[in-house]
Amino acid sequence: MSNDEFRAALARLAAGVVLVTAQEPPLDEDGRGEDVGMTATAFMSVSLEPPLVMVSLRNGSRMDDLLDEQPLWAVSVLAASQRHIAGRFAMKGRISDRLLFEDVAYVRGEVTRAPLIGGALATLECRTEQRVVAGDHTLVIGRVLTAKLPSPEGDPLTYFKALSLKNIVGSQRKAR
C-alpha cells in the first residue's frame with residue numbers, strides 16, 4: 001500500500017473540525033503567554049467516566065511541543081460557517097499566532113485561559129492526562145474540565161475529501 005492509497009482511503013471518512021488552543025506560559029512574571037491555535041480533524045471522545053477526549057498532533061509541531069510543557073488546553077467545535085477560521089489555522093508557512101487570533105472573536109477559558117472561539121457549537125477545556133507517541137503523531141488524551149454549548153444550533157464543520165476514481169487509479173499506477 002502506498003501513502004497515496006492510504007491517504008485517499010482515509011480522506012473518505014468524514015471528520016468534525018475543531019480548533020485546539022492553548023496559551024504559552026509567560027516569559028516573565030509581568031507578561032502573558034502567546035495564544036497558540038491549530039486546526040484538527042483527528043479529535044474524538046474517549047470516555048464518559050471520567051470525561052476524556054483525544055487529539056492527534058503531528059510530532060514536533062508547535063502545538064505538540066507546547067502541550068508537552070503546558071497541560072491546559074481547549075477545543076472549539078467549529079460550525080460550518082467557520083470554515084475560514086479552520087483554514088486560517090491550518091495554513092502551512094502561516095503567519096504568527098498573534099496575527100491569526102487578531103480578528104477572531106473569542107473568550108478566555110475560565111480554567112485554561114486558552115481562547116474559546118465565539119460562535120463555536122461547543123467548547124471544552126482540558127488538562128492532559130496522557131501522551132502516547134504513535135508513529136509520526138502524538139495522541140494527547142485530556143480530561144474535560146468544562147464543557148459548554150455557546151452556539152448549540154447550526155451545522156458542524158466537517159472535512160471530507162472524496163477523490164475521483166481517476167485520481168485513485170493514477171496514484172495506483174505511480175505506486176507500481
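View 1. Arg-127 has a relative accessible area of 32%, so it counts as partly exposed. That label covers the range between buried (under 20% relative accessible area) and exposed (over 50%), using a 1.4 Å probe and protein chains only. Glu-129 is also partly exposed, with a relative accessible area of 40%. The two side chains, Arg-127 and Glu-129, meet in a salt bridge with 3.3 Å from N to O. Here a salt bridge means a side-chain nitrogen of Lys or Arg within 4 Å of a carboxyl oxygen of Asp or Glu. Elsewhere, salt bridges with shared partners tie Glu-24, Glu-34 and Arg-62 into one network.

A quick note before moving on: this is a predicted model, where local features need pLDDT of at least 70 and side-chain atom pairs count only at pLDDT 80 or more, while totals for chains, interfaces and linings use all residues. Residues are numbered from 1 along each chain as its sequence is written, and side-chain values use heavy atoms, with hydrogens and water left out.

**View 2. Asp-35 meets Arg-108.** In this salt bridge, the closest N and O atoms of Asp-35 and Arg-108 are 2.7 Å apart. The pair links distant parts of the chain, 73 residues apart: Asp-35 belongs to strand E3 (residues 35-40), and Arg-108 to strand E7 (residues 106-108). Strands (E, at least two residues) and helices (H or I, at least four) are DSSP runs, numbered from the N terminus. Is Asp-35 buried or exposed? With 7% relative accessibility, Asp-35 counts as buried.

**View 3. Lys-148 meets Glu-110.** Take a look at this salt bridge, where the closest N and O atoms of Lys-148 and Glu-110 sit 2.4 Å apart. Again the pair links distant parts of the chain, 38 residues apart: Lys-148 is in strand E10 (residues 137-148), while Glu-110 lies in the loop between E7 and strand E8 (115-117). Lys-148 comes out as partly exposed at 40% relative accessibility, and Glu-110 as exposed at 58%.

**View 4. Stepping back to the whole protein.** Five helices and 11 strands make up the count for this protein. Of its 176 residues, 38% count as buried. How many salt bridges are there? The count comes to 10. A contact means heavy atoms within 4.5 Å; among contacts between residues at least 6 apart in sequence, 65% join residues at least 24 apart.
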